[in-house]
Amino acid sequence: MNTNKIILEEQGLRDGFQTLEQVVPTEKKLEYIDKLVAAGMTRIQVASFVHPKLVPQMADAEAVCSQLDKKDGVIYSGLVLNLKGVERGIAAGLNHLACSISASDTHSQKNARLTLGEAKKAFKKMVSLARQNNITVRGGIQCAFGCRYEGKIEADRVLDMVDHHLDTEIDELALADSTGMGNPKQLGELMEKVVEKAGDIPVILHLHNTENKGYSNFYAATEAGVRIFDTAFGGLGGCPFIKSATGNIATEDTAHTAHQMGYETGLDIGKIAEISMELETTLGHKLPGQLYQLIDKKEIKII
């Protein structure tokens, strides 16, 4: 991987929309996806295959996938939390699935109705089924840096889960600060070990800005060698099954920071900001992201 390039995976369509009170229509989701691709986004998580009664905003996952105007060079992925989700993702025609379980036993039971031990066994089956169907698998570990229910998550537990995931022959490894509890020192030290363990397997980091540390954690992770990050336009996001979960680090803000640090992203920040501006108007309130609000004020310089 080009060490001077940072890749952002857009999570707004999934992580962002799943927390909204109003359901975004399928056609509007497809419009946003096309706009994101036009802005240079090459990785987009378009949906999660979860029970529609639990997350009604994702009830149209199959409809979104069936109507995608897929472009060459763009990864369209879906999140799956169990074997049924993998089956649905395969049937929907996606060739990239994010199979994810939690490092927190309590969160695992709330999010996937499985204990940590059960989730680890289920994860192996999920990866196996996906690989049998020639699906690229991103193996995820949620709550890797802290849990609102259990508190501190020991680094040794996370590293054991990293080994567990790598043993299943996943194609990518992702760690998530699902609760936004991680701090730069903790995150930098752990990610150095994770990157070393992963070797040639790409490592992805999913950051939330709940405690306003998301961007400092982004910097710490780049110092540790991470080059792929999940973001959401406008800073949308959060988990319905985590108390006080708030948004992801914003796509515009993160790309802008990366550019200032000398990294390439291939993204047109202005075009992404336009999506956030439009959604702000639709929702009738400001989004957590900061940069799109500055760009909207034409007289302010962005360098």
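Is K197 buried, exposed or partly exposed? K197 counts as partly exposed, because its relative accessibility is 38%, and the cut-offs for that class are 20% and 50%. The model discussed here is predicted.

**Nonpolar core**

- The largest nonpolar core has 90 residues.
- Within this core, F17, L175, M191 and L205 touch the most other members.
- In soluble globular proteins, nonpolar side chains tend to be buried together.
- L205 can be followed in more detail: leaving out residues up to four places away in sequence, L205 touches F145, L175, L187, M191, A221, V226, I228, F229 and D230.

**Cavities**

- There are two cavities of 30 Å³ or more in the structure.
- The second largest cavity has a volume of about 40 Å³.
- Its lining is made up of L81, S100, I101, S102, H107, S108, N111, A112, A119 and Q142.
- Strand β4 (96-102) and helix α5 (105-112) are the elements that give two or more residues to this lining.
- Of the elements, α5 gives the most to the lining of the second largest cavity, namely four residues.
- Sorted by class, the lining of the second largest cavity has six polar residues, four nonpolar residues and no charged residues.

**Salt bridges**

- The count of salt bridges comes to 19.
- One of them joins the side chains of D60 and K29, with 2.8 Å from N to O.
- D60 lies in the loop between β2 (43-48) and α3 (61-66), while K29 lies in helix α2 (residues 26-38), so this pair ties together parts that are 31 residues apart in sequence.
- D60 and K29 are both buried.
- Another salt bridge is formed by the side chains of K71 and D69, at 3.1 Å from N to O.
- K71 counts as partly exposed because its relative accessibility is 40%.
- D69 also counts as partly exposed, with a relative accessibility of 40%.
- K197, the residue of the opening question, forms a salt bridge with D163, and the closest N and O atoms are 3.0 Å apart.
- This pair links distant parts of the chain, since K197 is in helix α8 (residues 184-198) and D163 is in helix α7 (residues 155-167), 34 residues apart.
- At 28% relative accessibility, D163 counts as partly exposed.
- Salt bridges that share partners also join E9, R43, R138, E172 and D230 into one network.

- Most residues other than glycine have a negative phi, and most peptide bonds are trans.
- C143 has a positive phi, near 55°, and is not a glycine.
- C143 sits in the loop between β5 (136-142) and α7.
- C143 is buried, because its relative accessible area is 0%.
- N212 is another residue other than glycine with a positive phi, in this case near 65°.
- N212 sits in the loop between β7 (203-207) and α9 (214-223).
- N212 is exposed, because its relative accessible area is 64%.

**Two buried loop residues**

- G235 is placed in the loop between β8 (228-231) and α10 (251-260).
- G235 counts as buried, because its relative accessibility is 1%.
- Not counting residues up to four places away in sequence, G235 touches G247, N248, A250, P288 and G289.
- G235 and G199 are 36 residues apart in sequence, and their C-alpha atoms are 30 Å apart in space.
- D60, already named as the salt-bridge partner of K29, is found in the loop between β2 and α3.
- D60 is buried because its relative accessible area is 15%, and the cut-off for buried is under 20%.
- Leaving aside neighbours within four places in sequence, D60 is in contact with V24, T26 and K29.
- The C-alpha atoms of D60 and I170 are separated by 27 Å, and these residues are 110 residues apart along the chain.

Conventions. Residues numbered from 1 in each chain as written. Predicted model: local features only at pLDDT ≥ 70, side-chain atom pairs only at ≥ 80, totals over all residues. Heavy atoms only, no water. Core = buried A, V, L, I, M, F, W, Y, C linked by side-chain atoms within 4.5 Å. Buried < 20%, exposed > 50% of the residue type's maximum accessible area, 1.4 Å probe, protein only. Contact = heavy atoms within 4.5 Å. 1 Å grid on protein atoms, 1.4 Å probe; cavity = no way out; pocket = protein on both sides within 12 Å on 5 of 7 lines; lining within 4 Å. Points joined across faces, edges and corners; volume = space filled by probe spheres on them. Nonpolar A, V, L, I, M, F, W, Y, C, P; charged D, E, K, R; others polar. Salt bridge = Lys/Arg side-chain N within 4 Å of Asp/Glu carboxyl O.
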